[in-house]
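Here is a friendly note to read with the model open beside you. Take the points one at a time, and find each residue on screen as you go.

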Amino acid sequence: MSQRDAIFNQPQSMIVDFQFDENVASVFPDMIRRSVPGYGEIIALLGLFAEQYVTDGSKIYDLGCSLGAATLSLRRRIKASDCRIIAIDNSEAMTERCHENVDHDLAATPVEIHCADIRQVEINNASLVVINFTLQFLPPDERLELLQKIHRGLNPGGVLVLSEKLHFNESEIARFHEQMHIAFKRANGYSELEISQKRAALEQVLIPDTFELHQQRLSTAGFSCSEQWFQAFNFTSLIAFK
């Protein structure tokens, strides 16, 4: 059962880089719900993409699956036959809990869960690929290569759903989104200490891109077009079409 996130509620003498370890896995549902505006809506709506774009006999990839929230949303709305979901995460603590969550779910589509680096996983015969707040944790110079691999592995008519935190170049716009994101976390019960210490832990780990760079990178990777379908402050989700 998920616990309340209190990882950063006490002063820490040294802030280390954020890791998706056992401590984070145990509180992750509470952490992401209170930290990412619109996360619940994105997860819920992913099921509609599965219903619309998954085709018979194809694979669905959830890259950076964490505890399996996106996987379960997709699984429960798939109408196509002879499909399977491939859920990947490089955190053993996350994939262990993902196994438990999938085992308790009654939907029929088979799910394979692998603890692996998404950059090393082969993608083929895919009708739908989801990267939910995961690309931002890869080194920026490795992001295009992953998107190119996804594009190659998608079947004609397949789609990628990419959700990310955004960076803004315009200082006034950036300040607005940052202030509203902090206000969102305060409204969800995080203290100033928690907000500050978590920001420091993520500073060298989560490196966001601008919306324009995302679209440019998707185009360079080979996608015919991309569209922003969701945004809540500095968090967005795009769909890219092959």
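**Notes on the model**

1. Let us begin with Asn125, which is partly exposed at a relative accessible area of 31% (buried means under 20% relative accessible area, exposed over 50%, and partly exposed in between, with a 1.4 Å probe and protein chains only). Asn125 sits in the loop between β3 (111–115) and β4 (126–132); helices (H or I, at least four residues) and strands (E, at least two) are DSSP runs, numbered from the N terminus. The phi of Asn125 is near 50°, a positive value in a residue other than glycine.

2. Before going further, please note that this is a predicted model, in which local features need pLDDT of at least 70, side-chain atom pairs count only at pLDDT 80 or more, and totals for chains, interfaces and linings use all residues. Residues are numbered from 1 along each chain as its sequence is written, and side-chain values use heavy atoms, with hydrogens and water left out.

3. Asp82 also deserves a look: its phi is near 55°, a positive value in a residue other than glycine. Most residues other than glycine have a negative phi. Asp82 lies in the loop between α3 (69–75) and β2, and counts as exposed because its relative accessibility is 68%.

4. Now turn to the strands. β1 (residues 59–63) and β2 run parallel and are joined by five bridges (two strands pair if DSSP finds at least two bridges between them). In this pairing, Asp62 stands opposite Ala87 in β2. β2 is mostly covered, with five of its six residues buried.

5. β4 and β5 run parallel too, with six bridges joining them. Here Ile131 is opposite Leu162 in β5. Strand β5 (residues 154–165) is mostly covered, as nine of its 12 residues are buried.

6. How much space lies in the largest pocket? About 1,200 Å³. A pocket is an open set of points on a 1 Å grid over the protein atoms alone, where a 1.4 Å probe fits, with protein on both sides within 12 Å along at least five of seven lines; lining residues have an atom within 4 Å of a point. Grid points are joined across faces, edges and corners, and the volume is the space filled by probe spheres set on the points.

7. Of the 49 residues that line this pocket, Phe133, Gln136, Phe137, Leu202 and Leu206 are the closest to its centre. α1 (22–35), α2, α3, α6 (171–187) and α7 (192–202) each supply at least two lining residues. The largest share, five residues, comes from α6.

8. The UniProt annotation "binding site", from an unreviewed entry, covers Tyr39, Gly64, Cys65, Ser66, Asp89, Asn90, Asp117, Ile118, Asn132 and Arg199. These residues are spread over 161 residues of sequence and also in space, up to 24.8 Å between C-alpha atoms. The lining of the largest pocket takes in Tyr39 and Asn90, among others from this set. UniProt positions are given in the numbering used here, feature names are shortened, and annotations may be inferred rather than shown by experiment.

9. Finally, look at two residues from that annotation. Tyr39, in helix α2 (residues 39–53), counts as buried because its relative accessibility is 12%. Leaving aside neighbours within four places in sequence, Tyr39 is in contact (heavy atoms within 4.5 Å) with Ile32, Ala69, Asn132 and Phe133. Asn90 is exposed, with a relative accessible area of 57%, and its place is in the loop between β2 (84–89) and α4 (92–103).
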